[in-house]
Amino acid sequence: MSAPHTDVEQVEAANTAYYEAMERGDFEELSSLWLTPADLGVDEEYHDPADAGVISCVHPGWPVLTGRGEVLRSYALIMANTDYIQFFLTDVHVSVTGDTALVTCTENILSGGPAPEGGEELGPLVGQLVVATNVFHRTPSGWKLWSHHASPVLAENDEAEGDDTPS
């Protein structure tokens, strides 16, 4: 087993690779970062890969997605409909216990969709603040994502808009 500080560094690198693959729109790289049944030693000939070592993902505002098929389809959809995305991670905390690691962070996201009416430039850039929890599992080929859960952070003015009570 590797030293604890090395585990933390390896998990940080796996977490960074996940966000960089998203920024590049590299679906193959992103797919390789998620657990597979083979990573868990499951013989896919006798077990449905969708049920083995179920991975899960919750994107902000989405229902929970489970299984490689659902999770990876969601990323394909996001990548197909996002021309630009950049993550600035803050408040990153890594905790490793045995073969499981937990990463919590704040995703400061800048994204832009297709240009309106087929123009050549990006559509308007939108900023979003999201808190995320990423769970990793140690495999023979390195740390792989087991679960990603992201929730939007309400800005102070978002809360105040629905409050008509005088201060």
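Colleague: What joins strand E5 (residues 125-139) to strand E6 (residues 142-152), and do the two run parallel or antiparallel?

Modeller: In this predicted model, 10 bridges join E5 to E6, and the two strands run antiparallel. Two strands count as paired if DSSP finds at least two bridges between them, so with 10 bridges E5 and E6 meet the criterion. Within this pairing, Thr139 stands opposite Gly142 in E6. Residues are numbered from 1 along each chain as its sequence is written, and side-chain values use heavy atoms, with hydrogens and water left out. Because the model is predicted, local features need pLDDT of at least 70 and side-chain atom pairs count only at pLDDT 80 or more, whereas totals for chains, interfaces and linings use all residues.

Colleague: What is the order of the 6 strands in the open sheet?

Modeller: The order is E2-E1-E6-E5-E4-E3, with mixed pairing. Helices (H or I, at least four residues) and strands (E, at least two) are DSSP runs numbered from the N terminus, and the chain comes to 4 helices and 6 strands, running α-α-β-β-α-β-β-β-β-α from the N terminus on.

Colleague: What makes strand E2 (65-66) and strand E3 (84-97) the edge strands?

Modeller: Each of E2 and E3 pairs on one side only. For E3, the partner E4 is joined to it by 12 bridges in an antiparallel arrangement, and one of the facing residues is Phe88, whose bridge partner in E4 is Asn108. The hairpin of E3 and E4 has 2 residues between the strands, and Gly98 there takes a positive phi near 60 degrees.

Colleague: How do you know that Asp91 counts as exposed?

Modeller: Its relative accessibility is 60%, and exposed means over 50%, buried under 20% and partly exposed in between (1.4 Å probe, protein chains only), so Asp91 falls in the exposed class. Asp91 is found in strand E3, and its phi is near 55 degrees, a positive value in a residue other than glycine.

Colleague: Why is Met79 called buried?

Modeller: Met79 has a relative accessible area of 16%, and is therefore buried by the cut-off already given. Met79 belongs to helix H3 and, leaving aside neighbours within four places in sequence, is in contact (heavy atoms within 4.5 Å) with Ala21, Met22, Gly25, Asp26, Phe27 and Leu30. Asp26 is 53 residues away from Met79 in sequence, yet their C-alpha atoms are 8.5 Å apart in space.

Colleague: What makes the buried residues of H3 lie on the same side?

Modeller: The buried residues of H3 are Val71, Leu72, Ser74, Tyr75, Ile78 and Met79. They cover an arc of only 150 degrees around the axis, which puts them on the same side of H3; the arc is that of the directions from the helix axis to the C-beta atoms. The face turned away from this buried side carries the exposed residues Arg73, Leu77 and Ala80.

Colleague: Why is the pair of Trp34 and Tyr75 called tilted?

Modeller: Rings of Phe, Tyr and Trp (its six-membered ring) pair if their centres lie within 6.5 Å, and planes under 30 degrees apart count as stacked, over 60 as edge-to-face and the rest as tilted. The centres of Trp34 and Tyr75 are 6.0 Å apart and their planes stand at 50 degrees, so the pair is tilted. Trp34 lies in the loop between H2 and strand E1 (56-58) and Tyr75 in helix H3, so the pair ties together parts that are 41 residues apart in sequence.
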